[in-house]
Amino acid sequence: MPKLLKTILKFIGFLGIGILLIWLVTKNLTPAQVEEIRDALRRANYWVLLPAAVLGFLSHWVRAMRWRLLFLPLGYEPRKLNTFFAVMVGYLVNLAVPRLGEVTRCGILARYEKIPVDKLVGTMIAERAFDLICLIVLITVTILVQVEVVAGIVTRYITDPLANMYANASVSRLLIALAVIAAVVLLFLWLLRRFARTKAAIALRALIRGVMEGIFSVFKMKQKGWFLFYTAAMWLLYFAQVYIAFRCLPETMTLGVKAGLSILAFGSIGMIVTQGGIGAYQIIVQNTLVLYGVQTTIGYAFGWIIWVAQTLLVIALGLLSLLGFPAYNKHYQPAPRKTE
């Protein structure tokens, strides 16, 4: 029950943040602005989103194939469709409870492919760490190719808040915080040593070993070229979705590559901040498009259009994957692990 309660509270908390952000944006809108948003939603050419949805499906498939590459150095070869199903189920669960989907996709693939969960978690962590590096590179490139435009976003939402935070923090508070962190780390190490022979400690060490093995599978795999290819293809497909979606409204139809890069780079942060990106994604898209001369109301409407399209695709593919797992694996017996 405590675990269920924690999950429910996390769901309510993240959803509440998203709803709060939506309220903060819409509470001061005038009736004319509300009508502008509704008019933009009515005028949108939603047929344009069909090819974007196809690209979205391909991006999810490429992600699954890239994740599958990380299993090969460990001696496991899960079926491609099972890997794709697991990724989509994970995305679906993430819409309800952020980050729970990462655990779910590992658990459900472990169930059908008989792969140890700790090794799956390690590959998932390695994949996400690589994605974080890619996002940092993307943000850097986006800023460098249009410093005069994007620097305003970085200054307003990142540099200034960090500067204010450290300006308001006294030296004593920082020292106390560092001391608390050091104490927690030392306590953790002492507990591990004190109870080294207990079942819990042995299980924890086994979990850590499995996770590390999964992480280092990136450096062991022979298909490093394919891993980089899949990574580049995945981000290119993400960008293409945004670029095609620009064609759904007359006001965004003339936007080019630089605007698409900005939406992809900064919109990705919004997808992380709140549950499924609700609220945060629309605000970031709105404020980004303003820099390219798009009205705030149109930018907000466009943010909702592409967010709903992406979310509906995840829901559809996630539900189909949930149904497909048992049917596809009805008589399937995973091959034993390959050893070198």
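User: Which residues is Q241 in contact with, leaving aside its neighbours within four places in sequence?

Analyst: In this predicted model, Q241 is in contact with A52, L55, G56 and S59 once those neighbours are set aside. Q241 itself is found in helix α10, which covers residues 224-245.

User: Why is Q241 called buried?

Analyst: The relative accessibility of Q241 is 12%, and buried means under 20%, so Q241 counts as buried.

User: What makes R43 and D39 a salt bridge?

Analyst: Their side chains meet with N and O 2.7 Å apart, and the definition asks for a side-chain nitrogen of Lys or Arg within 4 Å of a carboxyl oxygen of Asp or Glu, so the pair qualifies. The two residues are four apart in helix α2 (residues 31-43), which means that about one helical turn separates them.

User: Why does the salt bridge between E251 and R43 tie together parts that are 208 residues apart in sequence?

Analyst: The closest N and O atoms of E251 and R43 are 2.8 Å apart; because E251 lies in the loop between α10 and α11 while R43 lies in helix α2, the pair ties together parts that are 208 residues apart in sequence.

Note on methods
Residues numbered from 1 in each chain as written. Predicted model: local features only at pLDDT ≥ 70, side-chain atom pairs only at ≥ 80, totals over all residues. Heavy atoms only, no water. Buried < 20%, exposed > 50% of the residue type's maximum accessible area, 1.4 Å probe, protein only. Contact = heavy atoms within 4.5 Å.
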